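Let's take a walk through this protein model together. Have a look at the chain below, and then we'll go through its helices and its inside.

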Amino acid sequence: MDAFSQLIVVITVTSFVTFQLLFHRVSPWASARLSRGFLRLGDQQKVEWNSRTVSTFHALLVALFCLYILMFDDNVNQDPVWGDPTLVKINVAITTGYLISDLLLICYYWKAIGDKFFVVHHMAALYAYYYVLGEGMLPYFANFRLLAEFSTPCVNQRWFFEVLGYAKSSRPNVANGAAMAAVFFLVRIAVMPLYYGRMYAVFGTAAFYRLSPGARIAWILPSVCLDLMNVMWMHRIARGCYRMLRLRCSPPRTTSPKVDDASPPPPPHENRKTD
């Protein structure tokens, strides 16, 4: 194993350990001091809170790194299949450590954060990233997928508002919901023609035929699976955003019970991951 491959292993392991520490130590400590609502949560809600806090940190880190690579790494942009994968490998190694960490947490805390779609998502991503880290192939496409992480903070923030008791028609909730729908659409749905257009342009080229059958499967199958889930999630987000805007714009009903922004959080069983 060459020195750079050893570095990638170290980054992956360090990423795994870091995200475990963030979940078990940093998030509970910081959340208890920054949000009084955190102390009122049940055990299962605290598990999901910490999971989403770590998810937000990972998303911002790798998405910004991804954007930098797309803007300034000419080798990857000019040769999307076999371009120099140095920076992409570092970014993917960080994400790989996070995915393994999160998958372990999902399995261990299944009653709190278990979700079969997240398991499929993580396994599909790890299968594809194996070829990126092991063979250095398809760096542009692997990095491009990480653009989707820009939508994660808004998705998590929606859950934070909900569990803290913010009314769905409150201004912070409406603003975040609109931002979530817009960003999710831009980085997961609107970019599909660009992604698959670039994929189509590679088919039949010499670079494509250098890929092994396993690498082609790892490239195409997870991409399709992930985007099918993205379309499904976009549909659910759009419906939720529409209902929220209707609730915000509709006149108040004097006979309906008032919903206070500071109302206590809902029971744990109403807070499964659905994003």
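## Around phenylalanine 141

Skipping its neighbours within four places in sequence, phenylalanine 141 is in contact with Pro80, Val81, Tyr195, Arg198, Met199, Val202 and Trp219; contact here means heavy atoms within 4.5 Å. Before going on, a word on the ground rules: this is a predicted model, where local features need pLDDT of at least 70 and side-chain atom pairs count only at pLDDT 80 or more, while totals for chains, interfaces and linings use all residues. Residues are numbered from 1 along each chain as its sequence is written, and side-chain values use heavy atoms, with hydrogens and water left out.

Phe141 is also part of the largest nonpolar core, which has 48 residues; Tyr129, Phe141, Leu211 and Trp219 are the ones touching the most other members. A nonpolar core is a set of buried Ala, Val, Leu, Ile, Met, Phe, Trp, Tyr and Cys residues joined through side-chain atoms within 4.5 Å. Buried means under 20% relative accessible area, exposed over 50%, and partly exposed in between (1.4 Å probe, protein chains only).

Which helices supply at least two residues each of this core? They are α1, α3 (43–72), α5 (86–108), α6 (110–113), α7 (116–135), α8 (139–145), α11 (192–202) and α13 (213–249). Helices are DSSP runs (H or I, at least four residues), numbered from the N terminus. The top giver is α5, with 9 residues. There is also a second, separate core of 13 residues, with Ile189, Leu226, Met229 and Cys241 among them.

| Pair | Angle | Axis separation |
|---|---|---|
| α1 and α5 | about 40 degrees | 8 Å |
| α3 and α5 | about 165 degrees | 10 Å |

Axes are lines fitted to C-alpha atoms, for helices over the stretch in contact, and angles run from 0 to 180 degrees between N-to-C directions. Angles under 35 degrees count as roughly parallel, over 145 as roughly antiparallel, 65 to 115 as roughly perpendicular and the rest as oblique. So α1 and α5 are oblique to each other, whereas α3 and α5 are roughly antiparallel.

The crossing of α3 and α5 is left-handed, while α1 passes α5 in a right-handed crossing. Left-handed means the near helix is turned anticlockwise from the far one by less than a right angle, and right-handed means clockwise.

In the α1 contact, residues including Phe4, Ile8 and Phe23 of α1 meet residues of α5, among them Ile90, Ala93 and Leu104. The residues of this contact of α1 with α5 split into 13 nonpolar, 8 polar and 1 charged. Ala, Val, Leu, Ile, Met, Phe, Trp, Tyr, Cys and Pro count as nonpolar, Asp, Glu, Lys and Arg as charged, and the others, Gly among them, as polar.

Serine 31 sits in helix α1 (residues 3–34). Is serine 31 buried or exposed? Its relative accessibility is 8%, so serine 31 counts as buried. Leaving out neighbours within four places in sequence, serine 31 is in contact with Phe38, Trp49 and Thr53.

Leucine 99 lies in α5 and is buried, with a relative accessible area of 4%. Not counting residues up to four places away in sequence, leucine 99 touches His122, Ala125, Leu126 and Tyr129.

Finally, leucine 138 is in the loop between α7 and α8. Leucine 138 counts as buried at 6% relative accessibility. Its phi is near 55 degrees, a positive value in a residue other than glycine. Most residues other than glycine have a negative phi.
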